[in-house]
Amino acid sequence: MALGRCLRFSSVVPRLLWNYSQRPGGVPVPRERSSVSTLVNTRSASTSRPLLRGFCTSPPSACVSYDQLKQILAEEKAVVIDVREPWELREYGFIPGSLNVPLAQVNTALQLGPDEFKEKYGGEMPQQCDMVVFTCLAGVRSKTAVDTATSLGYKDVQNYAGGWQDWVKNEQNK
């Protein structure tokens with residue numbers, strides 16, 4: 001019974017040790033890290049050792065400028081997803097060529113099947129290797145969507161930090 005309790009925490013201990021370094025005097029200090037590995041309960045066919053799975057704690061995302069977004073849309077190089085609520089798009093407007101997936105639905109939407117996604121949101125579902133650009137009103141909600149997509153395994157996720165406000169300002173200046 002005691003052995004079962006120890007084994008239950010065996011995947012937690014390496015992560016705890018990884019998160020802290022020792023200060024002189026034995027005081028633990030949290031440290032920054034860009035990626036960690038955790039133990040997974042699956043076992044390799046050739047060995048009886050657990051396999052390691054890596055994940056990144058800080059998503060490798062970049063911000064997209066207005067000019068970059070215009071080029072991406074013109075060349076159809078990415079799926080652009082606006083995470084505002086539908087009433088906001090009706091009231092203020094939207095970026096032509098973008099899909100509307102409200103922030104509260106991003107997690108489940110990116111886990112749907114391609115046909116179901118197309119039926120519900122009216123566009124092609126991005127694959128995990130596709131470039132995806134998230135936008136909103138001013139870049140706050142789209143950053144949350146970037147984090148969500150990254151946690152789901154999307155590799156090339158971008159944030160249009162200026163959002164709708166920046167889009168309108170630049171479109172009016174042209």
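A polar contact is a pair of N or O atoms within 3.5 Å; within protein, one of the two must be able to donate a hydrogen and the other to accept it. The model described here is predicted. In it, the side chain of Asn-100 reaches the backbone oxygen of Asp-82 at 3.1 Å.

- Asn-100 belongs to strand β7, which covers residues 99–100.
- Asn-100 counts as buried because its relative accessibility is 18%, and buried means under 20%.
- A polar atom of the Asn-100 side chain also lies 2.8 Å from the backbone oxygen of Arg-84.
- Apart from neighbours within four places in sequence, the residues in contact with Asn-100 are Asp-82, Arg-84, Glu-85, Pro-86, Leu-89 and Tyr-121.
- Gly-122 is 22 residues from Asn-100 in sequence, and their C-alpha atoms are 8.6 Å apart in space.

**Helix α3 and its two sides**

- Helix α3 spans residues 66–75, and its residues Tyr-66, Leu-69, Ile-72 and Leu-73 are buried.
- Viewed down the axis of α3, these buried residues fall within an arc of 120 degrees, so they line one face of the helix.
- An α-helix has 3.6 residues a turn, so residues three or four places apart point the same way.
- The buried residues of α3 pack against β6 (78–82), β8 (131–135) and α8 (163–172).
- Asp-67 and Ala-74 are exposed, on the face of α3 turned away from its buried side.
- Just after α3, Glu-76 adopts a positive phi of about 50 degrees.

Notes: Residues numbered from 1 in each chain as written. Predicted model: local features only at pLDDT ≥ 70, side-chain atom pairs only at ≥ 80, totals over all residues. Heavy atoms only, no water. Helix = DSSP H or I, 4+ residues; strand = E, 2+ residues; numbered from the N terminus. Buried < 20%, exposed > 50% of the residue type's maximum accessible area, 1.4 Å probe, protein only. Contact = heavy atoms within 4.5 Å. Arc of directions from axis to C-beta.
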